[in-house]
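Student: I would like to learn how to read a structure, taking one feature at a time. Could we go through it together?

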Amino acid sequence: MSTSITHAVPFIVRGDLRSETGYARAARALTNLVARFPDIAVFGIDLHPNPADCGGNFAHMLIDESQMWQVVRQSTQTPIVLHYTGIDDFVQVPGAVNIGAFYWETDTLVHQRHWPLRLAGMDRIWAPTSFLGTYARASGFTGDVTVVPWPHEFPDQAPAVRPGALESIQALYFGRSGPSGRFQTQTVSLRKIRSEARNLFVSVQSLAPRKGLPILLREWRNHIDDPSCQDILVLRLAFRHAHGINAAPAEHFEAILKTIGFDGVDPRIAIIHDHLPDPQLSALYGACDSYVSASYGEGFGGPIIEAISAHRPVIAPRHTGIADLLPTDHPLTVNSVRKCVGLKGNVSAYPYSSSWYLPLPGEIAGRLRDFAAMDASRRAAVVRKARQHAIDFCSSWRLIAILGDEIARIRAPALPPMATQPAQEPAMLS
């Protein structure tokens, strides 16, 4: 390995770096900003390489764990190691400043799996949201905690949506069930769906229980009870890295619809079960009138910010990590109730005693109606306020300021602390 970095500060990021998960996309965005600072040499350790999913471009030198130790030994500066991973993968690197950054979706503390001990091995926590900063403190972490969000870009103008881009996105549309009890399905382009919808709502979903798909569908069922409704819901079912749909998506989703009570009605729902690369994902956001979330808990809420970046109003709750993303008086907020409940089919990492925020009955359907009643000027005002709030929280220019303060503290700890964004303190955790 080259020793040309001995006089720079090695910045080594460990985590999922090359996939299209939210973790990986956030790690790449943050690392790219760190690389802008002078005298910083960036390296990456890809902990989850998957030959079937390495489409993300990590723009810096990739090394393995053994090479990391070589970098640490050779450097004349104290290295920085950012563990952008789950807490399970926090590993203290002696001789380096260890920074932990993680996502977690429930406020229930995990005392198993050695999480408090792994957190204690970190010198600092870069919490993507204030919710996670509070979680780290409640788990016993006593070091410095700074809110360092997933950086995003917020263009002044909404992205132009080309008809060709919409034509290239194919969705499976579900129509009214026939005498056989089977729903009528057809594969159509997003362009056609857009042309036939009065209001086009989009939600990035999966079968992970905390995403709230059954509640979203039940509320949608209530929304379309009005015979004059011409709205359509498009679900991007992101199944690459979450609870997956089976090899026959039409039959699988049809079974879900029947459990919700869509028999005999036109669901007015289309699903996209293929992966969408970034250009098509941007086109999907650009084509919709509003984004909808029914989530019970988020560490951040990437699709919400992506929709806001695309100048689209968002119907969503304000809890857990999402609380930082939307203004407190956001008119399309979905009110929720906090409940300690075990979610059937949840991954084993979540304790059965986890607390989740369940949307109150009628809330999503009510916000769908509220949005449908808004005129263009009111919708634009909602977008402007949400965008400004998001820009102040997680725009790249805001993150450059936060990172500059953090790097200055790490490199010159004896200096007085510089101004930075404090971690907000939501309600105490149980």
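Student: Which residues are buried in α13?

Tutor: This is a predicted model, in which local features need pLDDT of at least 70 and side-chain atom pairs count only at pLDDT 80 or more, while totals for chains, interfaces and linings use all residues. Residues are numbered from 1 along each chain as its sequence is written, and side-chain values use heavy atoms, with hydrogens and water left out. Buried means under 20% relative accessible area, exposed over 50%, and partly exposed in between (1.4 Å probe, protein chains only). In α13, the buried residues are Ser396, Arg398, Leu399, Ile402, Leu403, Asp405, Glu406, Ile407, Arg409 and Ile410. Helices are DSSP runs (H or I, at least four residues), numbered from the N terminus.

Student: Which side chains meet in a salt bridge at 3.2 Å, N to O?

Tutor: A salt bridge is a side-chain nitrogen of Lys or Arg within 4 Å of a carboxyl oxygen of Asp or Glu. Here the partners are Glu406 and Arg409, which both lie in helix α13, 3 residues apart, about one turn of the helix. Glu406 has a relative accessible area of 0%, and Arg409 has 18%, so each counts as buried.

Student: Which parts does the pair Asp278 and Arg25 tie together?

Tutor: Their side chains form a salt bridge at 3.8 Å, N to O. Asp278 lies in helix α9 (residues 278–287) and Arg25 in helix α1 (residues 22–34), so the pair links parts that are 253 residues apart in sequence. Asp278 is partly exposed, at 42% relative accessible area.

Technical notes:
Helices (H or I, at least four residues) and strands (E, at least two) are DSSP runs, numbered from the N terminus.
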